[in-house]
Amino acid sequence: MATTLAEHVSLQKVHDHYVSAHLPQKMGNLAPIAYGGYAIAFAIHAACNTTPDGFHLYSVFGHYLRPASTEANLICTPVKLRQSKSFVTYRVAVEQKDPSTGRLHLCMELLADFHRDEPSLLTFSSEPTKSYSHWRDCVPSDRLVEDWAKAGKISELQFKAFNTLFGLSRDVYEGRLCPEGVTAQNLMGMAKTVKTTQEELSPTAKSSGDWLRVKHPLQTEGEQMASLGFVMDGVLAFLPLAHNHMFFEDAGACSSLDFALRIFTPRPKLDEWHLREIINHHAGNGRTYSESKLWDEGGNLVASMTQQSILRVPAKGAKI
């Protein structure tokens, strides 16, 4: 049983491919469907383990092709598409074997680009859209949920549901919601009737922020990058709900379709504190488009992830 994030994203080499050392787990879903961050993390880790020394991951683009089950290990096969003096690119297929038939099903395919360090002609970095409290001034997320339950702001049933939905993140990294953000004021959207300080803003102007750090040491660059992909995938699919007085039960389907992860710091350290800001850009035609950005404690932009996600209207007769 994996306990640290390094263990959750660990791989075993088998011939020309890698197999996850542990079964993926669910998060943000009560069905036996694995959290999408696992597929991203395993694929990144496999590519990092394959690339030559001196190259660092800077770009990952991928598509979710089918949900991954929590009942089978994931298999990652990296294929080199190019290698030059400055760049290396891999295509990584993420598959899963059906326990009943033995057939392989393709869950995700992505491209991972690596770049050799070069000197900087220019150096600058964007900032969050607003000023957020420092992590020292933010309440740990697990304590925040307990405080809401003790104050009667959420029911005992909601308290248990929240811990079930987001228990995985609590186990592997420490999180602190910034009080200025929407998700801190409505508890990730669960408290749907709560009025936040951003009520007068348009959906695309609303934002949420949180501080996070991986709880246990990460020893290799591959573990760091895999952990980055694991963390950055979180929240984006259901953020449009959380920012608009809705929660999971209000949608017929809510899950990621594709993603683009860009890394600006060659060797990030996810076991140190980072600030994440999440915003929505668009919703319509059954899809949403959202973005997450990550800064280190020094204010340097470390990475960004954008995602398009499915957001379906509930079926007729479904209870909301």
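Residues are numbered from 1 along each chain as its sequence is written, and side-chain values use heavy atoms, with hydrogens and water left out. Because this is a predicted model, local features need pLDDT of at least 70 and side-chain atom pairs count only at pLDDT 80 or more, while totals for chains, interfaces and linings use all residues.

Student: In what order do the 12 strands of the open sheet stand, and what is the sense of their pairing?

Tutor: Strands are DSSP runs (E, at least two residues; helices are H or I, at least four), numbered from the N terminus. Two strands pair if DSSP finds at least two bridges between them. The order is S1-S2-S4-S5-S6-S3-S9-S12-S11-S10-S8-S7, and the pairing is antiparallel.

Student: Which strands stand at the edges?

Tutor: An edge strand here has a single partner strand, so one side of it is left without a neighbour in the sheet. The strands in that place are S1 (11-14) and S7 (173-177).

Student: Which residue in S10 stands opposite Leu-212?

Tutor: Strand S8 covers residues 207-214 and strand S10 covers residues 274-284. They pair in the antiparallel sense over six bridges. Opposite Leu-212 stands His-274.

Student: At about what angle to S4 does helix H2 run?

Tutor: Axes are lines fitted to C-alpha atoms, for helices over the stretch in contact (heavy atoms within 4.5 Å). Angles run from 0 to 180 degrees between N-to-C directions. Helix H2 (residues 36-50) lies across several strands, including S4 (74-83), and its angle to S4 is about 50°.

Student: How many disulfides does a search of the whole structure find?

Tutor: A disulfide is a pair of cysteine sulfur atoms within 2.5 Å. The closest cysteine sulfur to that of Cys-48 is in Cys-76, 12 Å away and therefore too far for a bond. Cys-107 is in no disulfide either, as the nearest cysteine sulfur, that of Cys-76, is 9.5 Å away. The number found is zero.

Student: Is Cys-107 buried or exposed?

Tutor: Buried means under 20% relative accessible area, exposed over 50%, and partly exposed in between (1.4 Å probe, protein chains only). The relative accessible area of Cys-107 is 2%, so Cys-107 is buried.

Student: Which strand gives the most to the lining of the second largest pocket?

Tutor: On a 1 Å grid over the protein atoms alone, a pocket is an open set of points with protein on both sides within 12 Å along at least five of seven lines, whereas a cavity is a set where a 1.4 Å probe fits but cannot get out; lining residues have an atom within 4 Å of a point. This pocket is lined by 20 residues, with Ser-120 and Ile-263 among those nearest its centre. S3 and S6 each supply at least two lining residues. With three residues, the strand that gives the most is S3.

Student: How far apart in space are Gly-189 and His-115, C-alpha to C-alpha?

Tutor: Gly-189 lies in the loop between helix H5 (182-185) and S8, and is buried, with a relative accessible area of 1%. Gly-189 and His-115 are 74 residues apart in sequence. In space, C-alpha to C-alpha, their separation is 39 Å.

Student: In which strand is His-105?

Tutor: His-105 is buried, with a relative accessible area of 19%. Not counting residues up to four places away in sequence, His-105 touches Arg-66, Val-94, Glu-95, Gln-96 and Asp-98. The strand that holds His-105 is S6.
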